[in-house]
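Please read the following points beside the sequence and the structure. They are set out as a colleague's note, one topic at a time.

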Amino acid sequence: RLFYDAMHLFVKKHLSSFLIVEVILRTAIGFRKLFAFLGKRKLSLYTAFTDFIFFNLSLFAAEEFYKSITDWVGFDPHAYLIIYTVPALIHIFVSTLTGVYRKDEVSVLRNFGAIIISFLIITSATFFFKQYAFSRAVVLISYILFLLISTFFRISLKLFFKVGIKL
């Protein structure tokens with residue numbers, strides 16, 4: 001951060017008389033600072049992205065499974081956008097708060113705790129938003145699937161790829 005702040009200061013001090021050059025250089029420095037930040041946080045960004053994908057796959061599989069064993073018709077097609085984004089984002093937010101997404105570590109135990117907390121939040125929210133309380137059994141099935149998939153993913157990252165292991 002100090003390096004990029006020093007670059008901004010240099011541009012401001014020596015090239016501030018040329019407005020277009022200053023704007024171009026400051027924009028380029030800002031983009032480079034962003035990419036440097038993302039490069040240091042790529043493990044946490046990858047795991048958050050895969051959690052989002054795995055959560056939605058679990059929700060979809062739970063919906064299809066529950067439709068096959070009952071006479072339930074499935075989620076309302078008009079609510080797909082909210083159903084497939086809001087709960088996954090709530091889980092990612094809870095995971096971030098509980099320290100699951102660290103820049104150099106992949107934690108199975110913290111993920112387990114985050115799944116339990118987000119499960120409690122989502123099931124509580126279905127009591128307040130009745131228009132999105134389609135089936136609590138689907139929520140339970142999807143969280144069981146998500147727990148299995150995400151735990152297997154994190155364990156395989158640690159065992160086979162040696163990712164997130166502090167030496």
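1. Lysine 162 follows helix 7 and has a positive phi, near 55 degrees. The model is predicted, and this angle is a computed value for lysine 162.

2. Helix 7 itself comprises 25 residues. From its first C-alpha to its last it reaches 36 Å, close to the expected 36 Å at 1.5 Å a residue.

3. Which residues of helix 7 are buried? They are Val138, Val139, Ser142, Tyr143, Phe146, Ser150, Phe153, Arg154, Ser156 and Leu157. Residues three or four places apart in an α-helix point the same way, because there are 3.6 residues a turn. The cover over the buried residues of helix 7 includes helix 3, helix 5, strand 1, strand 2 and helix 6.

4. The largest nonpolar core has 12 residues, among them Leu43, Phe54, Val106, Ile115 and Phe153. Helix 3, helix 6 and helix 7 each contribute at least two residues to this core. Its largest share, five residues, is supplied by helix 7. Another core, of nine residues, lies apart from it and includes Ala62, Phe75, Ala79 and Ile83.

5. Phenylalanine 55 also belongs to the largest nonpolar core. Leaving aside residues up to four places away in sequence, phenylalanine 55 touches Pro87, Ala88, His91, Tyr143 and Phe146.

6. As to confidence, the chain has a mean pLDDT of 89, with 98% of its residues at 70 or more. Confidence is highest in helix 5, at a mean of 96, and lowest in helix 2 (residues 19-40), at 85.

Terms used
Residues numbered from 1 in each chain as written. Predicted model: local features only at pLDDT ≥ 70, side-chain atom pairs only at ≥ 80, totals over all residues. Heavy atoms only, no water. Core = buried A, V, L, I, M, F, W, Y, C linked by side-chain atoms within 4.5 Å. Buried < 20%, exposed > 50% of the residue type's maximum accessible area, 1.4 Å probe, protein only. Helix = DSSP H or I, 4+ residues; strand = E, 2+ residues; numbered from the N terminus. Contact = heavy atoms within 4.5 Å. Expected span 1.5 Å × (residues − 1). pLDDT = per-residue confidence, 0-100.
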